[in-house]
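Here is a short report on one protein model. Read it alongside the sequence and the coordinates.

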Amino acid sequence: MSNLKTIIPERAANIGNFMVGRLLPFREKRMVGPFAFIDHMGPVKMDETQNLDVPPHPHIGLSTLTYLFEGSIMHRDSLGSEIEITPGAVNWMTAGKGVVHSERTPESLRNAQKTLHGLQIWVALPKHLENMEPSFHHTEKQEIPHLEKDGVSIKVIAGEVFGQKSPVPVHSNLYFLELKSGKKRKVKLGDYLFGESGLYILEGNILSEGNVYEPKQILVANDSKLCEFEMADNSTVYIFGGEPFPEERHIHWNFVASEKETIEKAREDWKAQRFPKVPGETEFVPLPN
């Protein structure tokens, strides 16, 4: 019996002045464990006149995880955080009851040629933490746990697996792993995974149950305990998942909540500009219809 439950293709989406490949949510699979949203940004080359400019926008009920392969993003939020995200580092912002942030090309790169490539992820909060105080945590590249297993290089970007715990302060039982292999390798991780599990192919390909799978798609397992596949030469994949929540999550614009009333309140608060402000930012993004 196949262990493949769902194949999710990357679909084009527009986030203002920037096109991305949307992976989650998907009509047949809204979440994988607590992971509610995944965008693949780029790779895109920008000239001296092109920049990433995502103006201040709100979030509730989730944590954002930004992980770059190339390029830089300047993160500013209503908590007063201001930090440049660089490749391999992890930006983890927990919205809780409400936070606002902007994402822009850093000033040092705005008049230069540059490349941007990475993943932006939303992780839903457990119901009892949806209204928690917002917080921000930045983890540098060198702080991410790294190990070698059967010839495969593995980073524990978030969560705890193989007895290795990432310093990223997650709020539920989850994992987000990077696997890289220069040569063809067999990978068997089922003994270490739990809950629901998805695999995103960034580069190269994998062989599973006689089928070859290429980049720009997520493979969702029927049973994470049966996670076994073969990585081709020069392949990079990301494995993510964890314990799903018992309640459904509703998503509207940048809001995630277990109750529709919570989202409606957030909509009204944003329209009335009752969310906190981002220091140094003056733009306001109207609530979409």
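## Tyr 213 and its strand

Tyr 213 lies in strand E20, residues 211-213. Strands (E, at least two residues) and helices (H or I, at least four) are DSSP runs, numbered from the N terminus. The model is predicted: local features need pLDDT of at least 70, side-chain atom pairs count only at pLDDT 80 or more, and totals for chains, interfaces and linings use all residues. Residues are numbered from 1 along each chain as its sequence is written, and side-chain values use heavy atoms, with hydrogens and water left out.

Tyr 213 is buried, with a relative accessible area of 10%. Buried means under 20% relative accessible area, exposed over 50%, and partly exposed in between, with a 1.4 Å probe and protein chains only. The side chain of Tyr 213 makes a polar contact with that of Asn 211, at 3.5 Å. Such a contact is a pair of N or O atoms within 3.5 Å; within protein, one must be able to donate a hydrogen and the other to accept it, and residues adjacent in sequence count only if both atoms are side-chain atoms. Ile 201 is 12 residues from Tyr 213 in sequence, and their C-alpha atoms are 8.0 Å apart.

## The sheet

E20 belongs to an open sheet of 4 strands, ordered E17-E22-E19-E20 with antiparallel pairing. Its edge strands are E17 (185-188) and E20, and each pairs on one side only. Neighbouring strands here are turned by 30 degrees against each other on average, direction ignored. For such angles, axes are lines fitted to C-alpha atoms, for helices over the stretch in contact, and values run from 0 to 180 degrees between N-to-C directions. Two strands pair if DSSP finds at least two bridges between them. E17 and E22 (residues 228-231) pair in the antiparallel sense over 4 bridges. Lys 186 stands opposite Glu 230 in E22.

UniProt, in an unreviewed entry, places the feature "domain: Pirin C-terminal" at residues 196-275. UniProt positions follow the numbering used here, feature names are shortened, and annotations may be inferred rather than shown by experiment. The end C-alpha atoms of residues 196-275 lie 34 Å apart, and the span is 15% helix and 46% strand.

## Backbone points

The peptide bond from Gly 42 to Pro 43 is cis, with omega near 5 degrees. Pro 43 lies in strand E4. Asn 51 sits in the loop between E4 (35-46) and E5 (53-59). Asn 51 is buried, at 14% relative accessible area. Its side chain reaches the backbone oxygen of Arg 110 at 3.3 Å. The Asn 51 side chain also makes a polar contact with the side chain of Lys 114, at 2.8 Å.

## Nonpolar cores

How many residues form the largest nonpolar core? The count is 23, and those with the most contacts inside it are Leu 65, Leu 119, Ile 121, Phe 176, Tyr 238 and Phe 240. Apart from it lies another core, of 22 residues, including Leu 147 and Leu 219. A nonpolar core is a set of buried Ala, Val, Leu, Ile, Met, Phe, Trp, Tyr and Cys residues joined through side-chain atoms within 4.5 Å.
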